[in-house]
Amino acid sequence: MTEILMPKATAVWLVDNTSLSFDQIADFCGLHPLEVRGIADGDVARDIRGADPLVNGQLSREELDRAQADETYRLSAVVSRHAELMKAHKPAPKYTPVSRRQDRPDAIAWFVRNHPEVTDAQISKLLGTTKSTIDSVRNRTHWNSTNIKPVDPVTLGLVGQLALDELVRKAADKKTRDDAKKGGATIQPVEAEPAEPEFVPEARERRGAEPTAASVFGTKD
């Protein structure tokens, strides 16, 4: 059975406009025969308008005529070439040639030393390795630890420069967001030193009256 668009609406049309059996309609539309019987009795999908599979290109006239002539025949839907193009295709798993698999530990060591913000899951996906291998390289329990040295994965030919830059950028952005959520260290404002007090001459009344010639030399009698 091929999945079709609007299966119940298609079943409504086939019930009303063909002599197909309930089993044939159920098989074509992906429904249960009892559900098709309910459509015929008006108990199911009574508010659904029928959709003609001949008009929308899901069924050919020859296929329908053949099925109506033979109750044991099962309908085959027309497969649209556009439907295949619209399907989401999962990317193929990353494959690393056998000759380059021995370079993975060096690339892992490079990430561990230079980009600790990149997660093990990101490294695993980029290099096509496993978390246990990453742990063994980080903890120096790898069977070949004595010969492992950090080497840029681009230099090793394991990834492209654009893919590496994008991964590092995403990891750095995520770390920045996480640090902000945790309330990272903030710079404390520097307290200004108190200003020296402005020199204010003592009040005249505190010093007494200004000396005069009379008070210094006396007065003439």
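Accessible areas here come from the Shrake-Rupley method with a 1.4 Å probe. With that in hand, the accessible surface of this chain comes to about 16400 Å². Carbon and sulfur atoms hold 53% of that surface. One caution before we go on: this is a predicted model.

Now the overall build. The chain has 13 helices and zero strands. Read from the N terminus, the elements run α-α-α-α-α-α-α-α-α-α-α-α-α. There are 221 residues, and buried ones make up 29% of them. Next, contacts along the chain.

Met 6 sits in the segment before H1. Phi of Met 6 is near 50°, a positive value in a residue other than glycine. Most residues other than glycine have a negative phi. Met 6 is partly exposed, at a relative accessible area of 47%.

Then comes helix H1, residues 7–17, and helix H2, residues 22–29. Two packed helices are described by the angle between their axes and the distance between the axes. Here the axes come within 9 Å and cross at roughly 155°. Angles over 145 degrees count as roughly antiparallel, so H1 is roughly antiparallel to H2. The crossing of H1 past H2 is right-handed. Which residues make the contact? On the H1 side they are Pro 7, Thr 10, Ala 11, Leu 14 and Val 15. On the H2 side they are Ile 25, Phe 28 and Cys 29.

H1 has a run of buried residues. They are Ala 9, Thr 10, Ala 11, Val 12, Trp 13, Leu 14 and Val 15. What do the buried residues of H1 pack against? They pack against H2 and against helix H3, residues 33–41.

Move along to Asp 103. Asp 103 lies in the loop between helix H6, 98–101, and helix H7, 104–114. Is Asp 103 buried or exposed? The relative accessible area of Asp 103 is 16%. The limit for buried is under 20%, so Asp 103 counts as buried. Set aside its neighbours within four places in sequence, and Asp 103 is in contact with Leu 156 and Leu 158.

Now helix H8. Ile 123 is found there. Ile 123 is buried, with a relative accessible area of 1%. What does Ile 123 touch, not counting residues up to four places away in sequence? The list is Ile 108, Phe 111, Val 118, Gly 128, Thr 129 and Ile 134. Take Ile 134 from that list. Ile 123 and Ile 134 are 11 residues apart along the chain, and their C-alpha atoms are separated by 8.2 Å.

On to charges. Side chains of opposite charge can pair when their charged atoms come close. In this model the count comes to 11 salt bridges. Let me show you some of them.

Look at Lys 131 and Asp 120 first. Their side chains meet in a salt bridge, 3.9 Å from N to O. This pair links distant parts of the chain. Lys 131 is in helix H9, residues 131–138, and Asp 120 is in helix H8, residues 120–127. They are 11 residues apart. Asp 120 counts as buried, at 17% relative accessibility.

Asp 120 also forms a salt bridge with Arg 138, at 2.8 Å from N to O. Arg 138 counts as partly exposed, at 36% relative accessibility. Salt bridges link Asp 120, Lys 131, Asp 135 and Arg 138.

Next, a pair inside one helix. Lys 174 forms a salt bridge with Asp 178, and their closest N and O atoms are 3.0 Å apart. Both sit in helix H11, residues 161–181. How far apart are Lys 174 and Asp 178 in helix H11? They are four residues apart, so about one helical turn separates them. An α-helix has 3.6 residues a turn, so residues three or four places apart point the same way. Lys 174 is partly exposed at 39%, and Asp 178 is partly exposed at 27%.

Last stop: Arg 140. Arg 140 lies in the loop between H9 and helix H10, 153–156. Phi of Arg 140 is near 55°, again a positive value in a residue other than glycine. At 58% relative accessibility, Arg 140 counts as exposed.

Note on methods
Residues are numbered from 1 along each chain as its sequence is written. This is a predicted model: local features need pLDDT of at least 70, side-chain atom pairs count only at pLDDT 80 or more; totals for chains, interfaces and linings use all residues. Side-chain values use heavy atoms; hydrogens and water are left out. A salt bridge is a side-chain nitrogen of Lys or Arg within 4 Å of a carboxyl oxygen of Asp or Glu. Helices (H or I, at least four residues) and strands (E, at least two) are DSSP runs, numbered from the N terminus. Buried means under 20% relative accessible area, exposed over 50%, partly exposed in between (1.4 Å probe, protein chains only). Contact means heavy atoms within 4.5 Å. Axes are lines fitted to C-alpha atoms, for helices over the stretch in contact, and angles run from 0 to 180 degrees between N-to-C directions. Angles under 35 degrees count as roughly parallel, over 145 as roughly antiparallel, 65 to 115 as roughly perpendicular and the rest as oblique. A crossing is left-handed if the near helix is turned anticlockwise from the far one by less than a right angle, and right-handed if clockwise.
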